[in-house]
Protein chains: 2
Amino acid sequence: MHPLRAHIEELIPLSDKEFEFILSHFSHVKKRRHQYLVQEGDIADKEFWIAEGCVRSYFLGEDGKEHILQFGMENWWITDYESFVLRAPSKTSIDCMEDVELYSISHENREKLTSEMHKMERFWAKKSKLGRIALQNRILSMMKNTAKERYELLLSQYPQLLQRVPKKHIASYLGVSRETLSRLND
Amino acid sequence: MHPLRAHIEELIPLSDKEFEFILSHFSHVKKRRHQYLVQEGDIADKEFWIAEGCVRSYFLGEDGKEHILQFGMENWWITDYESFVLRAPSKTSIDCMEDVELYSISHENREKLTSEMHKMERFWAKKSKLGRIALQNRILSMMKNTAKERYELLLSQYPQLLQRVPKKHIASYLGVSRETLSRLND
């Protein structure tokens, strides 16, 4: 089974014909490590489904420091949603931390697909709810937990991430210095 | 025109019959100041649309301190989405800061309505995207901005909120002490 079909069918059953129709709205994309999916200031015209690889979404502080908003791995959907939905310049950049294989859908095709096919509207509505819950938990954790607790939460949620992502990016995600991160490791 | 209809029609046109069908899934609710919409630990079975009034969503830290996640006012949709979507105990409480008038929809009715009516799936999908964008911007702001900048952002986004919400809640939302908030006011 096509990996994207397997992914969608985790939530919504599809016929062969339906999946063929869905897939015709996507492009298959490969990117190399360090290449960008979204660049700050551009309008993010595509949403990406990650078939393989690991990416990060980040923004630059006024001091030029990188702040990591989120990571994306296999089976995640990612873009700068504010830019994608509101057609505004992106505040974040998304780049590849490994070679990645993706399926991308343009804003126009996504609008077409969701307005023509209730099932896909429903699929993405569910995904969007889960994305919102993840962000809400990120905020709760930022407000509530100590750096040590946030680190342990990240470890428990994404054990694989820590083997694949450089320490400096973990520190940036947690909003701590690399020195603090080293102490959390003790 | 019914206020809920006017609100939905900002995004999606409806016939009289369609709105009648939609409204039949909602209950009209009035709550007094200090009453709860959602209590931590319960399963949030309802999503609320605020016709009038102001509420806050918050959680308690281990020290018993309240941390405000968000405010809700006229035309906002609010619940604990993690609890509502995943049927899990709510991590947050939502209480009324004024007398409020609401339209509530149960999880079951929302599922029925969205599966039977593509238009409403589409309406809430759009609302969910906007909710996600607001949370993303909250995270960016927490990571990027100083307390002064976050305060000014809140002022510019919700000038009305500051007249309606006690100072201590503003401090809690910004994650600063009341003393720090007073200094930000200077």
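Two strands count as paired here if DSSP finds at least two bridges between them. I jot that down before anything else, and also that this is a predicted model.

**Entry 1: a sheet in chain B**

With that rule in hand, I looked for sheets in chain B. I found an open one of four strands, in the order β1-β8-β3-β6 (chain B), with antiparallel pairing. Which strands stand at its edges? They are β1 (26-31) and β6 (77-78) of chain B; each has a single partner strand, so one side of each is left without a neighbour in the sheet.

I then checked how β6(B) is held. It is joined by two bridges to strand β3 (residues 46-52) of chain B, and the two run antiparallel. I picked out F48(B) and looked up its bridge partner in β6(B), which is I78(B).

Next I asked what lies across β1, β3 and β8 (100-106) of chain B. My note says helix α4 (residues 107-116) of chain B, running at about 65° to β8(B).

**Entry 2: a sheet in chain A**

Over in chain A I traced another open sheet of four strands, this one in the order β2-β7-β4-β5 (chain A), and its pairing is antiparallel. The edges are β2 (36-38) and β5 of chain A, each pairing on one side only. Ignoring direction, neighbouring strands of this sheet are turned by 30° against each other on average.

I zoomed in on β2(A). Its antiparallel pairing with strand β7 (residues 93-96) of chain A goes over two bridges. For V38(A), the bridge partner in β7(A) is I94(A).

Then I looked at the helices on this sheet. α8(A) lies across β4 and β5 of chain A, at about 100° to β5(A). A helix of chain B packs here too: α5 (residues 118-144) of chain B touches β4 and β5 of chain A, and its direction makes about 145° with that of β5(A).

**Entry 3: where the chains meet**

Interface size is often given as the accessible area lost when the parts come together. For chain A and chain B I note about 4200 Å² buried between them, 62% of it on carbon and sulfur atoms. In chain A, the residues that lose the most area to chain B are R132(A), Q136(A) and M143(A), together 18% of what that side buries.

**Entry 4: pairs across the interface**

I searched for salt bridges over all chains and came up with 28 in the whole structure. Between chain A and chain B the count is four. I looked up a couple by name. The side chains of E121(A) and R122(B) meet at 2.6 Å, N to O; this pair crosses from helix α5 of chain A to helix α5 of chain B. R122(A) and E111(B) also form a salt bridge, at 2.8 Å, N to O.

Notes
Residues numbered from 1 in each chain as written. Chains lettered and ligands numbered in written order. Predicted model: local features only at pLDDT ≥ 70, side-chain atom pairs only at ≥ 80, totals over all residues. Heavy atoms only, no water. Buried area = accessible area lost by both parts, 1.4 Å probe. Axes fitted to C-alpha atoms, helices over the stretch in contact; angles between N-to-C directions. Contact = heavy atoms within 4.5 Å.
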